[in-house]
Amino acid sequence: MKKKFETENYLGLYLWAALIVACLVSYYFFPEVFAPANIRQFFDTNLYAGLAVYLLLASLRGFTMIPLTPLLFAGILVFPPLPFLLVNMVGIVVSSALVFYLARYFRFDNFFDTHYPRQIAKLTSLLRNREL
């Protein structure tokens with residue numbers, strides 16, 4: 001049973017890596033899709049679809065370790081303030097929740113517990129002393 005669970009974890013990691021590779025390959029082979037003029041035109045004609053794409057990017061950015069700042073500045077230039085604020089806040093919450101729950105699903109906590117027990121114990125005691 002344990003072997004099957006580990007296989008599912010590796011499958012999830014491979015799918016995640018394949019998604020990142022697919023995005024990079026599409027950026028390399030179809031750069032005209034990512035041209036600033038095309039992106040601006042898309043957002044001007046499709047506000048709700050543009051907000052949905054922004055929400056998707058803001059939600060998935062935690063997996064690529066890309067900071068939110070460049071995405072935030074791009075959104076400020078393209079979207080109206082109130083809908084952008086709401087979508088940005090939802091994106092931050094969704095991204096944080098996805099990273100937290102998927103790290104637990106992929107059992108990264110067990111990896112760190114077995115490989116770095118002393119550092120985990122020290123960090124846990126510091127957090128408990130500070131009541132975080």
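**Close-up views of a predicted helical chain**

**View 1. Arg-107 in the loop between helix 5 and helix 6.** Arg-107 sits in the loop that connects helix 5 with helix 6 (108-115), where helices (H or I, at least four residues) and strands (E, at least two) are DSSP runs, numbered from the N terminus. Although Arg-107 is not a glycine, its phi is positive, at about 60 degrees. Most residues other than glycine have a negative phi. With a relative accessibility of 26%, Arg-107 counts as partly exposed, a class that falls between buried, under 20% relative accessible area, and exposed, over 50% (1.4 Å probe, protein chains only). The model is a predicted one, in which local features need pLDDT of at least 70 and side-chain atom pairs count only at pLDDT 80 or more, whereas totals for chains, interfaces and linings use all residues. Residues are numbered from 1 along each chain as its sequence is written, and side-chain values use heavy atoms, with hydrogens and water left out.

**View 2. The whole protein chain, for orientation.** The protein chain has 7 helices and 0 strands, so that the order of elements from the N terminus reads α-α-α-α-α-α-α. Its radius of gyration is 19 Å, while a compact globule of 132 residues would have one near 14 Å; the radius is taken over C-alpha atoms, and the globule rule is 2.2 Å times the number of residues to the power 0.38. Along the principal axes, the C-alpha trace spans about 55 × 35 × 20 Å. Of the 132 residues, 15% count as buried. The accessible surface amounts to about 10400 Å², and 73% of it belongs to carbon and sulfur atoms, as computed by the Shrake-Rupley method with a 1.4 Å probe, where for residues only the protein chains shown count as cover.

**View 3. Confidence along the protein chain.** The mean pLDDT, the predictor's confidence in each residue from 0 to 100, is 84 for the protein chain, and 92% of its residues reach 70 or more. Confidence is lowest in helix 1 (residues 2-29), with a mean of 78, and highest in helix 5 (residues 81-105), with a mean of 90.

**View 4. Arg-61, a buried charge in helix 3.** Arg-61 belongs to helix 3 (residues 47-64). Arg-61 is buried yet has no salt bridge, and the nearest side chain of opposite charge, that of Asp-109, is 21 Å away. A salt bridge is here a side-chain nitrogen of Lys or Arg within 4 Å of a carboxyl oxygen of Asp or Glu; Lys and Arg count as positive and Asp and Glu as negative, while His and the chain ends are not counted. Not counting residues up to four places away in sequence, Arg-61 touches Ile-66, Pro-67, Leu-68 and Ser-95, contact being defined as heavy atoms within 4.5 Å.

View 5. Asn-88 lies in helix 5 and counts as buried, at 6% relative accessibility. Apart from its neighbours within four places in sequence, Asn-88 is in contact with Tyr-54, Leu-68 and Leu-72. Val-90 is also placed in helix 5, but is partly exposed, with a relative accessible area of 42%. From C-alpha to C-alpha, Val-90 and Phe-111 are 30 Å apart in space, and they are 21 residues apart in sequence.

**View 6. Asp-113 in helix 6.** Asp-113, a residue of helix 6, counts as partly exposed at 40% relative accessibility. Asp-113 and Pro-81 are separated by 32 residues in sequence and by 43 Å in space, C-alpha to C-alpha.
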